[in-house]
Amino acid sequence: MTKRKIFLIAADVILLCVCIFQWVLGSRNNIKNFVLSEIPDEIIITNPEETVSIVQSGDEWFVGELKYPASKSVVDSLISGLSSIKALDKVGDASKESALVKYDLEAEKRICVEAKKNGTVIRTLYLGKEAAAGSQCYATIDQGKNIYILSGNARLTFDKTIARIRSNGVIDLDKSLITSVTLAPVDGDSWTLSRTNNGTDFAYTISGADVELDTQKAADFIESFCALTTNNWYGEKTDLGGQKKVDVTIICDGKTVTLEVYEIPGTEESQNLPLYYGNSSETPYTFNIGNYSAARYLSKPEEIAK
């Protein structure tokens, strides 16, 4: 190979590297970050079906007109998605109706997300359709004139209903502070499992039943009453039919928590499995209880015996 050919090849390689560098640099220059300097205390999501308001009160967040407790993890994801937005590229002009139609950013199709701080709007986000990649979408930011393609799945983050924002927690207690659990079945005898701290360990006693306790089973049993979640909420103290099965009373750090468990007989639709629901002193709303959780409340003293 001649020196001339070697020189030309080297020159081509250098030129290619320069072109790649310029392309990468140009791509980076197209990325724009929109960062909020304040954390919102109110978020309003408007989609074609409904408007959802999430408002902070003290350290807690509530959703909807009835102010249901909101899921902390969902609210955190909304705040994170609003606080830092990465726009990968500008793809259109929001002042042109044809561009809005192209990217599903018309008022009747878009998702509008508005963040406020002390009543003042600090961020407005209009979300259009998903991009071809599926994990990105088209949007306008803070009433700007540009349409961007956003990094991350913003539509998945903000396409929320009240049911999806609402907390699914019914009971949330510190298991180490539970001192007694009483089960009072409607068709049986009431019994209570109690424990006391003797300084280095717990001691367990049972009343209303004549069984010899297994210490580990008793510990696991009493601590299993620390939490209850639901996958479906109903209205305030809603009567769904069926029969009451048991009244549950939990004493935790001097606080009394009550729970009523109801059973609806199984049907063909439920594969003949019964359905359970309940009411609790922890919430004014009736809620579904999963069969696994219901089994805990229907336990017999023999299940924690040696």
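Reader: Which residue stands opposite I45 in β3?
Author: Opposite I45 stands V52 in β3. The model is predicted, and for this reason local features need pLDDT of at least 70 and side-chain atom pairs count only at pLDDT 80 or more, while totals for chains, interfaces and linings use all residues. Residues are numbered from 1 along each chain as its sequence is written, and side-chain values use heavy atoms, with hydrogens and water left out.

Reader: Why are β2 and β3 called paired strands?
Author: A strand is a DSSP run of E with at least two residues, a helix is a run of H or I with at least four residues, and both are numbered from the N terminus. Two strands pair if DSSP finds at least two bridges between them. β2 and β3 have five bridges and run in the antiparallel sense, so they meet that condition. With four residues between them, β2 and β3 also form a hairpin.

Reader: What makes β2 and β7 a pair as well?
Author: Five bridges join β2 to β7, and the two run antiparallel. In β7, E114 is the bridge partner of I44.

Reader: What can be said about the burial of β2?
Author: Buried means under 20% relative accessible area, exposed means over 50%, and partly exposed lies in between, with a 1.4 Å probe and protein chains only. In β2, four of the five residues are buried, so this strand is largely enclosed by the rest of the structure.

Reader: How do you know that the span of α2 agrees with its number of residues?
Author: The expected span is 1.5 Å times one less than the number of residues. For the twelve residues of α2 this gives 16 Å, and its end C-alpha atoms are 16 Å apart, so the two values agree.

Reader: Which residues of α2 are buried, and why are they said to line one face of the helix?
Author: The buried residues of α2 are V74, V75, L78, I79, L82 and S83. Seen down the axis, they fall within an arc of 165°, so they line one face; the arc is that of the directions from the helix axis to the C-beta atoms. Angles run from 0 to 180 degrees between N-to-C directions, and axes are lines fitted to C-alpha atoms, for helices over the stretch in contact, where contact means heavy atoms within 4.5 Å.

Reader: Why is the pair D76 and K72 called a salt bridge?
Author: A salt bridge is a side-chain nitrogen of Lys or Arg within 4 Å of a carboxyl oxygen of Asp or Glu. The side chains of D76 and K72 come to 2.9 Å, N to O, so the pair qualifies. Both residues lie in α2, four residues apart, about one turn of the helix. D76 has 36% relative accessibility and counts as partly exposed, whereas K72, with 63%, is exposed.

Reader: What makes K244 and E260 another such pair?
Author: Their side chains meet at 3.7 Å, N to O, in a salt bridge. The pair links distant parts of the chain, with K244 in β17 (residues 243-252) and E260 in β18 (residues 255-264), 16 residues apart. Salt bridges that share partners join K244, D247 and E260 into one network. The structure holds eight salt bridges.

Reader: Why are β14 and β16 said to stand at the edges of their sheet?
Author: Eight strands form an open, antiparallel sheet in the order β14-β13-β12-β17-β18-β19-β20-β16. β14 (202-207) and β16 (233-236) each have a single partner strand, so one side of each is left without a neighbour in the sheet. From one strand to the next, the twist averages 20°.
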